Amino acid sequence: MKDEKGHTYVYYSMRSGERQERKRTGCRPSGLRSAAGLRERGRCGMMPAKGCDRMTNYKELTRQLAGLIGGVPHRTANLANASALVFSALPGLNWAGFYLLEGETLVLGPFQGKPACIEIPLGRGVCGTAAAKDETQVVADVHVFPGHIACDSASNSEIVVPIHGPEGAVVGVLDIDSVLFDRFDAHDRAGLEELVSVLERELFPPA
Ligand code: SME
C-alpha cells in the first residue's frame, strides 16, 4: 500500500511479528514505518520493509556506547545506559539487558523491557548456557531451546553474549530478546561481541 509520496507503510505486530500493510491515516500509529523514510535515515522499523537495510550499524553503535560510558565511574549506570542504547537502536526487540554472575548464579542487572526472572543458575536457559560454555548463543526459535526460561511470552528469538572480566573469566551476559523469529544472525553476533568488548574494557578493567 503506497501513500501519495509513493511510500509503503508496513506494520509488524509486536506480539507475533506478523506482517500487515496498512493504509496511511493522518497520524501514523506506533509500529508503522515508512520504508523509504526509514531508509533515508539509515535505519529500519520493527522489521525491514522490502528493500530496507535492516543491518544494524554496530560500528556506529559501539562508538556511541564508548562515548556514553567512557570515563563514567558507575558500573550500574553504565550498564543501564548500555541496555537503553541497544534496546532503542535494534529493531524488533522486546528485552535487552544484563545478568551478572554471583557465584554459580546469574543475577538480573540493568535492563529494558518487561520484568524478568531474577536468578538463573549457570548452565540453565540460554543465558546460563552462554555463561557456562563461554560462548555466544544465537537462538532462532527459543521455544525449541532446551530449558529456555520464558520471562516474556512475546520472545521468539534471542542472542546472549558472554561478558568477561580482566582475568578472562565470564562475569555476566548481555541478553537480547526479539518478538521475531530468527532475528539475529552472524552480523549481529560479531557486532554485539565487539560492543561487549567495549563494556569489558570500560567496566571490568584490570585491577
Ligand atoms: N531468555 C533467558 C531468560 C532471561 S529473559 O529472556 C530476560 C534464558 O532462557 O536464559
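**View 1. Overall architecture of the chain.** This is a predicted model, in which local features need pLDDT of at least 70 and side-chain atom pairs count only at pLDDT 80 or more, while totals for chains, interfaces and linings use all residues. Residues are numbered from 1 along each chain as its sequence is written. The chain contains five helices and nine strands, where helices (H or I, at least four residues) and strands (E, at least two) are DSSP runs numbered from the N terminus. Their order from the N terminus is β-β-β-α-α-α-β-β-β-α-β-β-β-α. Of the 207 residues, 34% count as buried; a residue is buried if 20 or more other C-beta atoms, placed from the backbone, lie within 10 Å of its own, exposed if 12 or fewer, and partly exposed in between. Among contacts in the chain with a separation of 6 or more, 50% are accounted for by residues 24 or more positions apart, a contact being two residues whose C-beta atoms, placed from the backbone, lie within 7 Å.

**View 2. The shell around the ligand.** Of the 15 residues around the ligand, Ala116, Gly125, Cys127, Ile149 and Cys151 come nearest; a residue is near a molecule if its C-beta atom, placed from the backbone, lies within 6 Å of it. Helix 4 (125-133) and strand 9 (170-178) are the elements that give two or more residues to this shell. Helix 4 gives the most, with four residues. By type, the shell divides into eight nonpolar, four polar and three charged residues. Here Ala, Val, Leu, Ile, Met, Phe, Trp, Tyr, Cys and Pro count as nonpolar, Asp, Glu, Lys and Arg as charged, and the others, Gly among them, as polar.

**View 3. The surroundings of aspartate 177.** Aspartate 177 belongs to strand 9 and counts as buried because it has 30 C-beta neighbours inside 10 Å. Leaving aside residues up to four places away in sequence, aspartate 177 touches Leu93, Asn94, Trp95, Asp152, Ser155 and Glu158. Serine 157 is 20 residues from aspartate 177 in sequence, yet the two are 6.0 Å apart in space, C-alpha to C-alpha.

**View 4. The two sides of helix 5.** The buried residues of helix 5 are Asp188, Gly191, Leu192, Leu195, Val196, Leu199 and Leu203. They lie on the same side of helix 5 because they cover an arc of only 135 degrees around the axis, the arc being that of the directions from the helix axis to the C-beta atoms. On the other side of helix 5, Ala186, His187 and Ala190 are exposed. The cover over the buried residues of helix 5 includes helix 2 (58-69), helix 3 (75-89), strand 8 (157-164) and strand 9.
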